[in-house]
Amino acid sequence: MSGQEQQVGEWMEAAIQVAVKAGQIVRETLRAEKEVQTKTTMADLVTETDRLVEKLIISTLTQRFPSHRFIGEESVADGEKCVLTDDPTWIIDPIDGTCNFVHGVPVVAVCIGCAVNKELELGIIYSPDDCKLYTGRKGHGAFCNGQRLWASRQTDISKALIVTEVGSNRDPVAVKQLFTNLQRLLKLQAQGIRILGSAALDLCHVAVGDVDAFYQFGLHCWDIAAAAVIV
């Protein structure tokens, strides 16, 4: 094993540990009363738990890897610049599916991706409700709780289950496009279309193979960085 391989392995182990720890916080607060604020729209939500979890992840990884950089959803929302350099950069969504979280729906995930030289190297997605840990590493495959994942090979849309998301954009043009896309899929006789509330877990379902395809417009890097390595 090369020095670089060993180094990335250490990063992954550290990220797994903090993802599980963060997930415990999410699980414990899922059905608790929450202080909810809005960001760009009334549907773009943030809670104190989102911020707490992101701070935990960044502080923990900074202690281990002080030269690394970070892009966090809530940090960017609070004014930090979203800059991707060649340096090792952690891309974090502390709670993917915040609207679900606010309403006590357990379809939520902690997402941590890492890029080096502007290329994604590893991704960790932890689903705290069912304790499923999805991991992916460039060139090493994807796993759920240690079991290798294989995506569906379905190419017939009439036999395909497709997932998408509504997102938080309520601009009339975006809403019209959302319904246009759904209408097109239905005209193509897609067997099923589902909206679960977490793009990261949607992509995990694609990686597992129980869903055949995912699409969504308007995603941010923290929505898909971890999942992109897993699928």
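In what sense do strand 10 and strand 12 pair, and over how many bridges? They pair in the parallel sense, over three bridges, with strand 10 covering residues 161-164. Keep in mind that this is a predicted model.

## The sheet

Strands of a sheet pair through backbone hydrogen bonds, either parallel or antiparallel. Here, three strands make up an open sheet in the order 11-10-12, with parallel pairing. Strand 11 (192-195) and strand 12 (213-215) are the edge strands, each pairing on one side only. Going from one strand to the next, the twist averages 25°.

## Two helices together

Now for another part of the model. Helix 1 (residues 3-29) packs with helix 2 (residues 48-64) at an angle of about 155°, and their axes are 10 Å apart. Angles over 145 degrees count as roughly antiparallel, so helix 1 is roughly antiparallel to helix 2. The crossing of helix 1 past helix 2 is right-handed.

Who meets whom? On the helix 1 side, the residues include Ala14, Val18, Ala22 and Ile25. Among those they meet in helix 2 are Leu52, Val53, Leu56 and Ile57. Sorted by class, the contact between helix 1 and helix 2 has 11 nonpolar, three polar and three charged residues.

Note on methods:
Residues numbered from 1 in each chain as written. Predicted model: local features only at pLDDT ≥ 70, side-chain atom pairs only at ≥ 80, totals over all residues. Heavy atoms only, no water. Pairing = 2+ DSSP bridges. Helix = DSSP H or I, 4+ residues; strand = E, 2+ residues; numbered from the N terminus. Axes fitted to C-alpha atoms, helices over the stretch in contact; angles between N-to-C directions. Parallel < 35°, antiparallel > 145°, perpendicular 65-115°, else oblique. Left-handed = near helix turned anticlockwise from the far one by under 90°. Contact = heavy atoms within 4.5 Å. Nonpolar A, V, L, I, M, F, W, Y, C, P; charged D, E, K, R; others polar.
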